[in-house]
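Visitor: Please show me the model, and let us then discuss how its parts pack together.

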Amino acid sequence: MAELKDHYIRALEYAESKDEFFLEDLIKDVGLTELQSKQLAMQIHYKQIFFQDHTHYFGHYEKERIRLHFSVEDKFRLLNHIALNEARASSKSATRFAISALVVSAVSFVVGAFISFAQLKSDINMPAYFIEQIGKISTSSNKALNTLE
């Protein structure tokens, strides 16, 4: 499910591709509501977003078209937003890998314990060759012990 973007982020993304633009064009192209456009105009007036050189932007932006520019500070805001989204995605991926590792570890522990328990309860199975060798070694060591007596 796609996450809805904040209207400031959408405005920054719009402005990034423009050399200069007008607020009216941004409102129309981005699809801002009246409240969002007033909020953005106020932020532009206080020079918190976008560069403009008008002395009283908020009182004049509806009467005349004032050119706006994407500033370096705006670029860094957008880059920080992109980096934050990438960090969130990376964090989610790391969490999934960690959970997978814990599940594999728990399954390995349970399987290992079950196999160890099964081996404790089972008979010892040895190939006939080893049994013959053990018999020869024990016979020769018994003869050596008998000769020492």
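Visitor: Which residues have the most contacts inside the largest nonpolar core?

Guide: This is a predicted model, in which local features need pLDDT of at least 70, side-chain atom pairs count only at pLDDT 80 or more, and totals for chains, interfaces and linings use all residues. Residues are numbered from 1 along each chain as its sequence is written, and side-chain values use heavy atoms, without hydrogens and water. A nonpolar core is a set of buried (under 20% relative accessible area, 1.4 Å probe, protein chains only) Ala, Val, Leu, Ile, Met, Phe, Trp, Tyr and Cys residues joined through side-chain atoms within 4.5 Å. The largest has 18 residues, and those with the most contacts inside it are Leu 12, Phe 21, Leu 23, Leu 26, Leu 40, Ile 44 and Phe 50.

Visitor: Which element gives the most to this core?

Guide: Helices are DSSP runs (H or I, at least four residues), numbered from the N terminus. Helix 1, helix 2 and helix 3 each give two or more residues to this core. The most, five residues, come from helix 1.

Visitor: How is helix 1 oriented to helix 3?

Guide: The axes, lines fitted to C-alpha atoms over the stretch in contact, with angles from 0 to 180 degrees between N-to-C directions, come within 11 Å for helix 1 (residues 7–16) and helix 3 (residues 34–45) and cross at roughly 65°. Angles of 65 to 115 degrees count as roughly perpendicular. Helix 1 is therefore, relative to helix 3, roughly perpendicular.

Visitor: Which residues in helix 3 does helix 2 meet?

Guide: Helix 2 (residues 23–30) packs against helix 3 at an angle of about 145°, with axes 11 Å apart. Through contact (heavy atoms within 4.5 Å), Leu 23, Leu 26 and Ile 27 in helix 2 meet Ser 37, Leu 40, Ala 41 and Ile 44.

Key
Angles under 35 degrees count as roughly parallel, over 145 as roughly antiparallel, 65 to 115 as roughly perpendicular and the rest as oblique. Buried means under 20% relative accessible area, exposed over 50%, partly exposed in between (1.4 Å probe, protein chains only).
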